[in-house]
Amino acid sequence: MPNASIYYQQREPSPLQQIWLHMSANPFALAALYTLALLLLMMVCSAWLTPFSPDQQFADSISQPPSWHEQGQIRFLFGTDDLGRDLLSRIMAGSVYSLGYPLLAVVIAALIGIPIGAWAGMSRGVQSSALNHFLDVINSIPSLLLALLVIAILGPALQNVMLAIVVVLIPQFIHSVHSAIYDERYQDYVMASRLNGCSRWYILTRVIFPNITAPLVMQVTLALSTAIFDIAALGFLGLGVQAPAPEWGTMLARSLEHVYLSPWTMILPGFALFLTLLSINVLGDSIRAAIQERVRSA
């Protein structure tokens with residue numbers, strides 16, 4: 001005989017399910033999520049998905065228009081540049097430089113900056129105050145200017161660009177985590193945990209950190225956008241990833257000379273950069289709003 005329950009049990013969705021339910025009601029958030037997922041898939045599988053080598057030149061198809069143009073060819077879906085290189089292959093391969101390396105830089109900066117910011121937020125007195133004022137001074141300088149300073153000292157190269165981006169992002173993570181923890185440190189639930197004899201490690205990891213996820217999501221979103229933009233800007237200025245690497249900023253800089261003859265060489269990399277930044281910011285803001293909604297409804 002099957003077991004029959006005569007009691008009604010209301011099951012509340014988990015925090016992750018609540019965030020997903022809030023996000024799924026927003027079509028812009030879903031569009032940003034699917035777009036970013038496709039971009040990440042393209043980045044990971046670019047070595048197998050590109051129809052041609054990004055540096056392969058076709059002498060008989062120089063400055064070929066995209067396939068939807070009346071003079072275009074179906075084998076070159078996005079057309080070719082002034083050297084006869086397939087733009088679709090270069091944009092797909094360039095996602096590794098314009099999205100993969102910024103992701104790596106953000107992960108490294110977060111692994112360094114979040115623990116330092118947590119230590120600074122839990123500390124008191126002269127150490128916390130001095131660090132806070134120092135970070136205010138550092139963050140008042142534009143990130144691109146700091147990156148340019150590092151590149152000017154070390155020289156233009158991919159490893160130097162990565163080092164510059166990480167150096168720029170670490171103070172931002174420290175300041176964001178420090179401010180978030182400082183604001184939460186004197187809340188009633190933190191004081192109650194302290195009066196109950198909880199250790200500082202328990203208060204930090206189990207009490208404070210679950211309540212600062214919204215600022216952390218916004219900081220990760222801002223850091224990723226900053227890293228993508230700075231790498232593209234450095235490449236556009238000729239100080240970042242060097243040609244013939246298919247980085248989107250470098251492709252934009254090269255297309256300036258041929259913008260009137262072959263405008264697709266500028267429009268397509270620029271649109272890829274715009275779409276990436278837009279999807280990251282929309283998705284990050286949607287996740288932050290969903291977390292805040294879950295906290296308000298709790």
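Which side chain does Asp60 meet in a salt bridge? I found Arg75, at 3.7 Å, N to O. A salt bridge here is a side-chain nitrogen of Lys or Arg within 4 Å of a carboxyl oxygen of Asp or Glu. Asp60 and Arg75 both sit in the loop between helix H3 (46–49) and H4, 15 residues apart. A search of the whole structure gave me five salt bridges.

A note on my source: this is a predicted model, where local features need pLDDT of at least 70 and side-chain atom pairs count only at pLDDT 80 or more, while totals for chains, interfaces and linings use all residues. Residues are numbered from 1 along each chain as its sequence is written, and side-chain values use heavy atoms, with hydrogens and water left out.

Next I looked up helices H8 (188–195) and H9 (200–208). Helices are DSSP runs of H or I, at least four residues, numbered from the N terminus. I read an angle of about 145° and axes 11 Å apart; axes are lines fitted to C-alpha atoms over the stretch in contact, and angles run from 0 to 180 degrees between N-to-C directions.

Which residues of H8 and H9 meet? I listed Tyr189, Val190, Ser193 and Arg194 from H8, and Ile203, Val207 and Ile208 from H9. Contact means heavy atoms within 4.5 Å. I sorted the residues of this contact into five nonpolar, one polar and one charged. Nonpolar covers Ala, Val, Leu, Ile, Met, Phe, Trp, Tyr, Cys and Pro, charged covers Asp, Glu, Lys and Arg, and the others, Gly among them, are polar.

Definitions and conventions: Helices (H or I, at least four residues) and strands (E, at least two) are DSSP runs, numbered from the N terminus.
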